[in-house]
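Subject: A structure for you to explore

Hi there,

Here is the structure I promised to pass on. Have a look around it first, and then read my notes below.

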Amino acid sequence: MNVTMTLNGSDVSHDVEPRTLLVQFIRDAAGLKGTNVGCDTTSCGACTVLLDGRSVKSCTVLAAQADGSSVTTIEGLAEADGTMHPVQRAFHEKHGLQCGYCTPGMVMAIVSLIAERGDHELTEHDIRLGLEGNLCRCTGYHNIVEAAMAAARAPELRS
Amino acid sequence: MSILGNRVLRREDPKLLTSGGTYVGDLDLPGVLSLTFVRSTIAHGRIERIDLAEAKAAPGVVGVYTHDDLGLPPMPPGMAFLNAEMTRPLLASGVVRYVGEAVAAIVAESAAAGADAAELVVIDYEPLPVLIDPADALKDETLLYPGTGTNNTFSLQFGHDETLFDGCEVVVRQRIVNQRVAPCPLETRAAAAFIEPDGRLMFYSSTQTAHGVRDTLATSLGIEPEQIHVVTPDVGGGFGAKASVYAEDIVTAWCARRVGQPVRWSETRSESMLGLGHGRGQIQDVEIGGTRDGRVLAYRIDVLQDSGAYPAIGAVLPFMTRTMATGVYDIARAECNSNSVVTNTVPTVAYRGAGRPEATAALERVMDCYASEIGMDPAELRRKNLIAADAFPFTTPTGTEYDSGNYVGAFDLALEMAGYAELRSAQEARRAEGGARQLGIGISTYVEITNGVPEGEYGAVEIRPDGRAIVRTGTSPHGQGHHTAWSMLVSEQLGIAMEDIEVIHGDTDLVPRGVGTFGSRSLQVGGAAVNQAAIEVVDKARWLAADLLEADAADVVLDKSVGAFHVAGTPAISRDWGELARLSLDRDGAPLMAQVDLDSPGATFPFGTHIAVVEVDTETGMVELVRHVAVDDAGRILNPLLAEGQVHGGIAQGAAQALLEEFSYDAAGNPLTGNFADYSIISAAELPSFETAFTETPTPRNPLGAKGIGESGTIGSTPAVHNAVVDAVSHLGVRHIDMATTPERVWQAIQAAAAHRSAESAEGAA
């Protein structure tokens, strides 16, 4: 079947098997390898992407379900001139990553968490609960939480 | 001003943050086929029949292979001194010994085609009796390797003195289970292989030791190491479990040679939970004795190590446990004996700490039991027995020589950061109120051994004609930040900006020799080798500059602020790194370069004190870790940012073992925690932010003064959290709870203590 979506701002269209998962579409059909797969039970969140602006685990969404939607992956987050998104910048400055495998999913989850907060000020508790579905084995989450707190204060992300 | 000791941000980050890393599964390999393994679904059985016909005929299948097709020798046990008859066939041969053991290999056009075909392989098993509990294995009634006559793969004897506890006023005994856990790097195991046009084997591996993979492949496949090129692209974590070469790696290479096309193996998480080696797995019988006023005099630990079905590094962990048995305490007499046995479970390997966390967990837990027995505060008991700062080098009763330490210094700082006295007051108040939510405070003081298997390391620094530097290292980072750390060391020596320094690792063609990254060895050996190479390249450059400047080399100095050499006193006339590199090439026909094969400078002994604070709901048994204070001393710190990151990750993994994580089997050997839905891998929601600090007591054993920091967090945190949980309910009569301290175990312990108390009071009334 044909699946068409806007992926990081560009229209992409591929014929895929109906059982194709969104993460397989992104990695194998569209060739964007930044999004990783870390488990097979929707537990780890390494595959988190934005689907129409909200975070989803792309291993648990069929590509067909994203037909006609807009999808953003880690490759689509920085500005065209390479300027990093405030969440990416905060991860660098706070040492929020080590091996990097969980990082794309973790960053996308935090982008979504900050976008969804509305008028609410994100607390450490909110962030820890909000990231429960994104596993990291290297950082002990300490600096990831620091990065999320810092990014949430970034002027660009203030509504 | 020196860059060393500063919080330098990582050079690795921009790529990882904007396009993601390039892991084995991301490599673009035209025409690559997918390798899928058919795995045993039973724990122990004889293979009666394998029917491959349907699988071979399935769509997209290129080949299906079993042990008989391989024609390769079995893998010997993971270490030379293990029972040499307990070898591992690359695919099961006649017998399967654990759930998850690979029986057949399917090469297919896609992972989906491989998975579909795997369902069509029919294997008939004749079940054999199953051994899961190491205590059962020790009886040698059922044998995993009948030809050997025993399940024991490795025994260690250190002392059998029946008078060990003579003169002790108090002797406390405790059985402690240091449970089996799964390492869980976020990237599972993966490998890819193809044959180059010149016939060499190209092999990509998610490993902690590129050269080790090359050499093991060469031995197993019966080809020369020079005929193999191993590259580690980005590696998504290892934690010790990727320091071993696995049977599947070798089969991947074999398949690529067999089909003549690129082959990639990327396991699923559910496969990885049964394939990547497990960690820990010790049953410990511990005794500690001393005086009523808290002077520890004697210590004994008997270890029963679960090696899993095929003895690997896990089987020798008791050696490290013995090495560190008496920890930070000045204990006059000690014994440590061990047996490592095979069971029908996933083989155990090195996992963050590898034998040392087990030593610390046992000692720190019984120190609390001892304190409780004599009615002394656990902090006071510890302080009374710490090895004094002026006692180094210090030789322990098990023969380990500690290099340097100030245990009291780290201990006092941790107590101060935690506000220990206030915490005890708060605990008293909670107990007096009698509410459901009780406070527990746990202390752990530790010392551990890094670079414990003393091997050297390769390091080289080459200056390019454009004045940039290339560093080659035998270490194999997978998140540690060696690009950043090694650039700092070289920039410091050469005066070349960090961004003009490239670090090459994990490529056996570009780096001639290497040992790898494990056992917290990299900075103190690999970093020291790179540092030494940088010093030597400066020396070579000084001679070249002397020629150009027509001066005596002894008078030529390097101005690190500009990266150029001049005659002392006349900085106006200078020669920069690029000019000297070009001179070396043009005149001598050789690059300006220094290579160092650093001999191991010997093991070092990091130490520290961790204090955990938990709240336990005594009605449900639910535990919450609310604070974790860690003071660690790893000698001189090169980059506090990286060092803190190591400590944070270590604390999380260590706390996870105390609180949640446990790999378990049922009696038939079926894994009960074989995926991320069932295995309680710790998340952000179950942890607090950590309160960390370093003290810095340099080691004399390397010029950097550095000890390893990769595993300290894990070693210090587990017993601190474990002790805190028991402490929270000790006033209810609970003396010990086995890890993981799940709500069920905590609740059961509270109930058992209550039943014990009421039985005692009934007895008293009668």
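Let's start where the two chains meet: the contact takes 44 residues from chain A and 41 residues from chain B. Two residues count as in contact if their C-beta atoms, placed from the backbone, lie within 7 Å. On the side of chain B that touches chain A, α1, α8 (269-272) and α17 each supply at least two residues, and the largest share, 6 residues, comes from α17(B). Helices here are DSSP runs (H or I, at least four residues), strands are E runs of at least two, and both are numbered from the N terminus. By class, that side of chain B divides into 19 nonpolar, 16 polar and 6 charged residues. Ala, Val, Leu, Ile, Met, Phe, Trp, Tyr, Cys and Pro count as nonpolar, Asp, Glu, Lys and Arg as charged, and the others, Gly among them, as polar.

A word on the source: this is a predicted model, in which local features need pLDDT of at least 70 and side-chain atom pairs count only at pLDDT 80 or more, while totals for chains, interfaces and linings use all residues. Residues are numbered from 1 along each chain as its sequence is written, and chains are lettered from A and ligands numbered from 1 in the order in which they are written.

Now to the helices of chain B. Helix α17(B) (residues 640-659) packs against α18(B) (residues 712-729) at an angle of about 40°, with the axes 7 Å apart. The axes are lines fitted to C-alpha atoms, for helices over the stretch in contact, and angles run from 0 to 180 degrees between N-to-C directions. That angle makes α17(B) oblique to α18(B); under 35 degrees counts as roughly parallel, over 145 as roughly antiparallel, 65 to 115 as roughly perpendicular and the rest as oblique. Their contact has 8 nonpolar, 14 polar and no charged residues.

Helix α10(B) (residues 356-374) also packs against α18(B), at about 30° and with the axes 9 Å apart, which makes α10(B) roughly parallel to α18(B). Here the residues divide into 5 nonpolar, 5 polar and 4 charged.

What about the inside? The largest nonpolar core has 281 residues, of which Ile106(B), Val490(B) and Val725(B) touch the most other members. Such a core is a set of buried Ala, Val, Leu, Ile, Met, Phe, Trp, Tyr and Cys residues joined through C-beta atoms within 7 Å. Helix α15(B) (residues 522-549) gives the most to this core, with 11 residues. Not counting residues up to four places away in sequence, Val725(B) touches several residues, among them Gly440(B), Val614(B) and Ala658(B).

In chain A, look at helix α2(A) (residues 86-93), where Pro86(A), Val87(A), Gln88(A), Ala90(A) and Phe91(A) are buried. Buried means 20 or more other C-beta atoms within 10 Å of a residue's own, exposed means 12 or fewer, and partly exposed is in between, with C-beta atoms placed from the backbone. These residues pack against α3 (103-115) and α5 (142-152) of chain A together with α1 (13-18) of chain B. Just after α2(A), His95(A) takes a positive phi of about 55°.

Is Asp507(B) buried or partly exposed? Asp507(B) is partly exposed, because 17 other C-beta atoms lie within 10 Å. Its loop runs between β21 (501-504) and α15 of chain B.

Happy exploring!
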